[in-house]
Amino acid sequence: MNMKGGNLMSKRIGIAMVALLAMVMLVLPVSAEIKTINSGNTVFVGEQGLNITNAVPDDFIAYWAEGQSQTDVPYTINVSSQKTSFYVARNEFEGRTGDWYSWNGTAKTQLAFKVQIPSIDLKIWNSVTDKDVSDKSVVRGAFLTFRIESNLHPINTRANYVEGADGFLTVKVKDPVGSVYTIVIGEGDVQNPLTKLPREANTMTSSLWFPEGNTVATNYWATDAQVGTAYVYKAGSYQVWVEADPNNMKTNWNSATGNVVSTLRTVTIADDTVTITANTESVVRGNDFSLAITGRPNSNYVLWIDGTSGALCAEIPAIKSGQAGVSVPNATAYNYTYKAGTNVSDSAANCNGSYAMVTLDDSGKRTVGVSTVASTNDKTYTFRVQDNKTYAIAKFDTVKVKVTKGAVTIDAEGDKVYYVGMDIKLFGENTDSEKVYLFITGPNLASNGANLDDTTQESINDNDATFHVENVKSDNTWEYTWATSGVGLDAGTYTVWAVSQPKNKGSLSGVKYASLSFQIRKAFVTAQMDTTRLAKGDKLVIKGNAEGNPSEGVNIWIFGTNLAIDRTESVEDDTSFKYENSNTRDWSAGQYFVVVQHPMYNNKLDAVRRDDYVVNLAQNLTEFKIIGPNRLMGSDAAEALVQVLNKPNIDDTYVKLYFMLEEGYINIDAIGDQYIGDKFTMKGTTNLAVDDALIITITSASFRPTEKTQASEFSGASGTVKVVKGTGVENAWSFDVDTTGFKPDQYIVTIECVETGTTATTTFTVSEVPPATPTTPPTTPPVTTPPVETTPPVTTTPPPTTTPGFGAIIALIGLGAVAVLVLRRH
């Protein structure tokens, strides 16, 4: 809005602007008239200095709470000394709103006044569109006003309201640099005050009110007001709020928001321009992006993809249809002349999504979604938006978005070595398209690839049905669990291809793809036993490995005389399995046959036991009986089972074992006689299992009970040893003996196996050590001495000679006996 009138008008506007930008204005004395309260008037908590003489002829006012009867004793306040300066105190009245009566001490005489808690809010209003633009943007030139929402309007209708003096509302407008306006310039350069509102009595008669009255009237605030060629209101964000202060109420409420001060609102004044931005500078094709357009509220703008004329629709981005405020396609937009002699149709492809008419919202904004697909060409695209006006005055803006190719990856769980029939989890990422196309190449498959789910079907370009297709998730990942059973694969090395488009191996140029190679092996089972000779009572252990991840496990069959056992054992993650049976003590000695069955490709045991019979599940046939009369036993049952598993309609595989179950025995090698103090090893052989425990006891044959006053006659040894692996078909055992401390005697050896109860005994003798043989001392030559004087010899009588007694003879006999024993041993 341009102001006319030459220098005189400019001077007047200059003076007005000084007032407009003043931060503080002179406050006129508040009239006493809005302080006078008549009977039935509304007063507000926080008002101060009221004259309630007319409303309260008595000395008291009375209040009955909601739910009370007026026959009840009311809550009363003595106001006899406050009638000319009454304060609606928050502590008295905030919880007692409603009707108050004049009270003479015994009865009410008239309605004194109504009490309410003040409330206030403000909305910034577009007076042309009649819409709320609070916290939004407007283009310069918009006419604004203020909608005040408050219950304070009864004050405006109090008797003798003085225009310009009794106004109790102040609207405050703060510009982007912090100046607070006391007036705004409206339509026709009118200076509209923001203080002492309402300016006229009885104009604010409802809770929704505008400065001009109760309805939108004139354009109170002209956002394009000018002084000369300069705009008064610079572009930017303006803060707006309203304050209410009738009778010092703002102070008494401590400027409480919602009661005496409204919530802060903003409005952004923007120049009449148009802008377009994108939420990304580049996008991987197959993904969406958005454009944000800002301009005049509720105005139309033409949007198109510049420079795409003649392009194939599948190869360029597309403005999405069905969006609010976006008309796609739109003939007006397609035929719009955006520069001299050039229409949009000369610049944009004639495709649904290459051009649109966009209507901005009340805030002058609109977000427009754009999509790309796997076939969108990877290049930079220019999006142009232009005001739907004559091109000479139409403003426009452009933004560029680069579309790039994405990437595809593929991987699989595990070590890339799998077995026919296994489920293989394939996974990866695809940032190039919304689907991933899978095919396989390998031995005896189509050279350009075959369908992953039917390897006999060749993968054909652009034919989705000849590929396995997986949708890509929102996080650009994909996954597929591939069941290899029944797809017709033999052992070998294969490659799975993941492609962003339905293209086979011969057409991957320019297409994003990835590949994964792995091995497929046939499943198999191995089994073994630690020994083929087993003693009764020893634990039977069958262990092995089952490749191919059989979820049902493997089935163990054992056949012997009057014995048929079947047991399914689970297979561990390392492919191992183990079967144990500790009840062999009750089995009959003889030959036993074992069949270990693997379910193979269909991951299902096709031959199982049902009650007393072996049943062929593949053909639903009862094959033979293994329990009860007329049953097959031993090798006949095992051979019959093998023949069933060999049938062509059963894919199960197996391995055969056998073992001999024998009565347990323990052999003790000859020990020989020993001397006290000898150390020797007692040993032998056995058919008991390795690690069976042998309890060995060596006791004196003359061991007998003694009197408690006698020393014990016992001597011997005991201990436990383990059976160890032997050098031949038999296992071995050994026990070290130290005879120190033994007494001469015959000794009994007893050996017992803990696991099987097998026993063995033998004896050996321990003797005294023989005496050592006497030796002759060496002869010493005589020593010559010089003659010496001799004295006569003294004669002594020798003691009488005695003959050896019985005891000595017995001792000699005993020594002779020992000598004989020594000679016999050696």
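**Aromatic pairs, sheets and confidence in a predicted model**

The structure is a predicted model, and the mean pLDDT of the protein chain is 87.

**Aromatic rings**

- Trp221 has a relative accessible area of 0%, and because buried means under 20%, this residue is buried.
- Tyr233 is likewise buried, with a relative accessible area of 0%.
- The rings of Phe439 and Phe467 also make an edge-to-face pair, because their planes are at 75°, over the 60 degrees required; their centres are 6.0 Å apart.
- Phe439 is in strand β35 (residues 435-441) and Phe467 is in the loop between β37 (454-458) and β38 (468-471), so the pair ties together parts that are 28 residues apart in sequence.
- Both Phe439 and Phe467 are buried.
- One aromatic cluster is formed by Tyr63, Tyr75, Phe86, Phe93, Trp100 and Phe113.

**Charges over rings**

- Arg90 places its charged end over the ring of Trp253, at 3.9 Å from the ring centre.
- Arg384 has its charged end over the ring of Phe396, at 3.7 Å from the ring centre.

**Five-stranded sheet**

- An open sheet of five strands has the order β1-β5-β4-β2-β3, with mixed pairing.
- The edges are β1 (41-44) and β3 (75-78); each has a single partner strand, so one side of each is left without a neighbour in the sheet.
- On average, neighbouring strands of this sheet are turned by 35° against each other, direction ignored.
- Strand β2 (residues 60-63) pairs with β3 in the antiparallel sense, over four bridges.
- Ala62 has Thr76, in β3, as its bridge partner.
- Two members of the aromatic cluster, Tyr63 and Tyr75, fall within the residue ranges of β2 and β3, respectively.

- Another open sheet consists of three strands in the order β49-β50-β51, with antiparallel pairing.
- Its edge strands, β49 (607-610) and β51 (621-625), each pair on one side only.
- From one strand to the next, the twist averages 35°.
- Four bridges connect strand β50 (residues 613-616) with β51, and the two strands pair in the antiparallel sense.
- Val615 stands opposite Thr622, which is in β51.
- Helix α5 (residues 634-645) lies across β49, β50 and β51, and runs at about 160° to β51.

**Confidence**

- A pLDDT of 70 or more is reached by 87% of the residues of the protein chain, whose mean pLDDT is 87.
- Residues 1-32 have a pLDDT below 50, and this stretch has 52 contacts in the model beyond near neighbours in sequence.
- Residues 788-826 have a pLDDT that stays under 50, and for this stretch the model has 10 contacts beyond four places in sequence.
- Where pLDDT is low, predicted coordinates should not be read in detail.

Methods:
Residues are numbered from 1 along each chain as its sequence is written. This is a predicted model: local features need pLDDT of at least 70, side-chain atom pairs count only at pLDDT 80 or more; totals for chains, interfaces and linings use all residues. Side-chain values use heavy atoms; hydrogens and water are left out. Buried means under 20% relative accessible area, exposed over 50%, partly exposed in between (1.4 Å probe, protein chains only). Rings of Phe, Tyr and Trp (its six-membered ring) pair if their centres lie within 6.5 Å; planes under 30 degrees apart count as stacked, over 60 as edge-to-face and the rest as tilted. A charge sits over a ring if NZ of Lys or CZ of Arg is within 6 Å of the ring centre and within 35 degrees of the ring normal. Two strands pair if DSSP finds at least two bridges between them. Axes are lines fitted to C-alpha atoms, for helices over the stretch in contact, and angles run from 0 to 180 degrees between N-to-C directions. Contact means heavy atoms within 4.5 Å. pLDDT is the predictor's confidence in each residue, from 0 to 100.
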